[in-house]
Amino acid sequence: MKQSYEHKVQYYETDQMKVVHHSNYIRWFEECRIDLMEKGGLGYERMEEEGIICPVVSVSCQYVAMTRFGEVVEVIPKVKKFNGIRLVITYEVRDKETKELRCTGESSHCFLNAEGHPVNLKRSSPEFYNMFLKLSE
């Protein structure tokens with residue numbers, strides 16, 4: 001299932017040269033991940049209501065070209081790996097109009113209960129397990 005998330009670059013996300021500060025790409029990855037779950041039918045809020053959290057274990061970003069104030073980018077996620085315990089998502093950030101690649105990245109996550117112990121979604125939340133399986137197709 002191919003999804004994308006659109007983001008219009010805001011002035012506060014840029015430096016004095018109106019170039020996006022590198023930390024904002026990581027924020028866009030998170031916005032995209034939340035959007036992916038919502039489009040998949042089960043949002044992050046619902047996951048937390050079920051007592052499950054999905055923290056970031058690692059994140060990386062490779063910068064290819066500058067993004068500037070006022071531009072609109074598409075963040076394209078892909079579920080690279082999912083086994084019910086861990087989740088890895090890759091991202092491509094592209095200019096919406098030209099499709100020029102701006103950066104690529106990857107985030108790794110695990111699933112924890114309210115006490116901070118690892119959980120297996122297949123057992124603890126089959127609905128979320130099936131959603132992530134479908135998103136990984």
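Which residues does Phe132 touch, not counting residues up to four places away in sequence? Select Phe132 and look for Met37, Met47, Phe82, Leu87, Phe111 and Leu121. Contact here means heavy atoms within 4.5 Å.

Before moving on, note that this is a predicted model, in which local features need pLDDT of at least 70, side-chain atom pairs count only at pLDDT 80 or more, and totals for chains, interfaces and linings use all residues. Residues are numbered from 1 along each chain as its sequence is written, and side-chain values use heavy atoms, with hydrogens and water left out.

**Stop 1: the core**

Together with Met47 and Phe111, Phe132 has the most contacts inside the largest nonpolar core, a set of 32 residues. Such a core consists of buried Ala, Val, Leu, Ile, Met, Phe, Trp, Tyr and Cys residues joined through side-chain atoms within 4.5 Å. Buried means under 20% relative accessible area, exposed over 50%, and partly exposed in between (1.4 Å probe, protein chains only).

Now colour the elements that give two or more residues to this core: helix 1 (23–40), helix 2 (44–49), strand 4 (72–82), strand 5 (86–95) and helix 4 (126–135). Helix 1 gives the most, with 6 residues. Helices (H or I, at least four residues) and strands (E, at least two) are DSSP runs, numbered from the N terminus.

**Stop 2: helix 4**

Select Phe128, Tyr129, Met131, Phe132 and Leu135, the buried residues of helix 4. They cover an arc of only 165° around the axis, so they lie on the same side of helix 4. The arc is that of the directions from the helix axis to the C-beta atoms. Next, show what these buried residues pack against: helix 1, helix 2, strand 4, strand 5 and helix 3 (121–124).

**Stop 3**

An open sheet of 5 strands runs in the order 1-4-5-6-3, with antiparallel pairing. Two strands pair if DSSP finds at least two bridges between them. Strand 1 (5–8) and strand 3 (56–63) are at the edges; each has a single partner strand, so one side of each has no neighbour in the sheet.

Zoom in on strands 4 and 5. They pair in the antiparallel sense over 9 bridges. Glu74 stands opposite Arg94 in strand 5. In their hairpin, with 3 residues between the strands, pick Gly84, which takes a positive phi near 95°.

Move to strands 5 and 6. This antiparallel pair also has 9 bridges. Val93 has Cys103 in strand 6 as its bridge partner, and Ile89 stands opposite Ser107. The hairpin has 5 residues between the strands, and Lys99 in the turn has a positive phi of about 70°.

**Stop 3: His109**

Select His109 in strand 6 (residues 101–110). Is His109 buried or exposed? His109 is buried, with a relative accessible area of 0%. Its side chain reaches the backbone oxygen of Pro55 at 3.5 Å. A polar contact of 2.8 Å joins the side chains of His109 and Ser107. Such a contact is a pair of N or O atoms within 3.5 Å; within protein, one must be able to donate a hydrogen and the other to accept it, and residues adjacent in sequence count only if both atoms are side-chain atoms.

**Stop 4: Val72**

Finish at Val72 in strand 4. Val72 is partly exposed, with a relative accessible area of 27%. Beyond four places in sequence, Val72 touches Glu6, His7, Lys8, Arg94, Asp95 and Lys96.
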